[in-house]
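Dear colleague,

Please find below the structure I promised to pass on to you.

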Amino acid sequence: MNSILFYAPILFQTLGFGSGASLISSVLTSGMLVLATLVSMALVDRFGRRAFFLEAGFEMFCYMIAVAITLAFKFGEGETLPKAIGWFLVVIICLFVFAYGRSWGPLGWLVPSELFPLETRSAGQSMVVCVNLLFTALIAQCFLVSLCHLKYGIFLLFAGLIFIMSSFIFFLLPETKRVPIEEVYLLWKDHWFWKKYVEDDDEKDIKKPTT
C-alpha cells in the first residue's frame, strides 16, 4: 500500500498515462483512502476487526492477482498499454486502496493498541510504531528496484504477502471488538494457540515466593 501511495504517479505513467492523468489518478487513490477510513470508523465496531481484516484481505489478494495477470499478458518490453486496459488497472488499484483503507490501514494501528495489557501497553505500542516505520522505509527504498526487476511479479509477491497476513489473522488473531483493556489477557488465555504461553492467575500465585 505504501509503495502504491508513494509512487502512484510513476506507477500510472508506467501504465501508459501522461503526467497530468497520473497525478489525477494519484489524487483519486488518495481520496479513496480517506473515504475508506471513514467507512471503517463507522462500521468496524459493528462487524468486528477480524471480519474487516479477512474480507478486505481476500479482496486485496484478488486485486493484486488481477493486476499481475493483466500486466503479464498486456505489458511487454517497449509496448504501451491500451487505454481501456490502463483504466481497468486504475479501477482495480482504487478498489485495492479502498479495501486497504477500511481494514489494514486504520486497523493496523487500532488493533495493536487493544491487544496489549496495561502493564506492557506503552512498550508494545512503541514496538508497533518502530516496526511499521522501519518497513515503510524499506518498502520506499526497494519498490522501484523490485518493479524494474520483477515487473508484474512484484504484484504476485504482494499477493503472497497478503495471503500470509490474512492467514495470520484467521488462525492467530482473537477478536478484540468491545473487549475492555483489563480483560485482554482473557483473549490470550482462551485462544487455541496463545493459551500455551499465558499463565493462569492460580499458577502465578503458586510461583510467588512465600515469606
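This is a predicted model: local features need pLDDT of at least 70, side-chain atom pairs count only at pLDDT 80 or more; totals for chains, interfaces and linings use all residues.

The buried residues of H6 are Trp 104, Gly 105, Leu 107, Val 111, Pro 112, Ser 113, Glu 114 and Leu 115.

Helix H8 (residues 153-172) consists of 20 residues. From first to last C-alpha it reaches 28 Å, close to the 28 Å expected at 1.5 Å a residue. Its buried residues are Ile 154, Phe 155, Phe 158, Ala 159, Ile 162, Ser 166, Ile 169 and Leu 172.

The packing of H8 against H7 comes next. The two helices meet at an angle of about 115 degrees, and their axes are 7 Å apart. On the H7 side the contact is made by Phe 143, Ser 146, Leu 147 and Leu 150, and on the H8 side by Gly 153, Ile 154, Phe 155, Leu 157 and Phe 158. Seven of these contact residues are nonpolar and two are polar, while none is charged.

Two loop residues deserve a check of their backbone. Most residues other than glycine have a negative phi. Lys 151, in the loop between helix H7 (121-150) and H8, has a positive phi near 55 degrees. With a relative accessible area of 38%, Lys 151 is partly exposed. Arg 178 lies in the loop between H8 and helix H9 (184-190), and its phi is also positive, at about 60 degrees, although it is not a glycine. Arg 178 counts as exposed, because its relative accessibility of 69% is over the 50% cut-off.

Finally, the largest pocket holds about 1,500 Å³ of space. It is lined by 41 residues, of which Tyr 100, Trp 104, Asn 132, Phe 135 and Met 165 are the closest to its centre. Helix H1 (2-6), helix H4 (49-74), helix H5 (83-101), H6, H7 and H8 each supply at least two residues of the lining. H7 gives the largest share, with 11 residues. By class, the lining has 34 nonpolar and seven polar residues, and no charged ones. Trp 104, one of the residues closest to the pocket centre, is also one of the buried residues of H6.

With kind regards

Notes. Residues are numbered from 1 along each chain as its sequence is written. Side-chain values use heavy atoms; hydrogens and water are left out. Helices (H or I, at least four residues) and strands (E, at least two) are DSSP runs, numbered from the N terminus. The expected span of a helix is 1.5 Å times one less than its number of residues. Buried means under 20% relative accessible area, exposed over 50%, partly exposed in between (1.4 Å probe, protein chains only). Axes are lines fitted to C-alpha atoms, for helices over the stretch in contact, and angles run from 0 to 180 degrees between N-to-C directions. Contact means heavy atoms within 4.5 Å. Ala, Val, Leu, Ile, Met, Phe, Trp, Tyr, Cys and Pro count as nonpolar, Asp, Glu, Lys and Arg as charged, and the others, Gly among them, as polar. On a 1 Å grid over the protein atoms alone, a cavity is a set of points where a 1.4 Å probe fits but cannot get out, and a pocket is an open set with protein on both sides within 12 Å along at least five of seven lines; lining residues have an atom within 4 Å of a point. Grid points are joined across faces, edges and corners, and a volume is the space filled by probe spheres set on the points.
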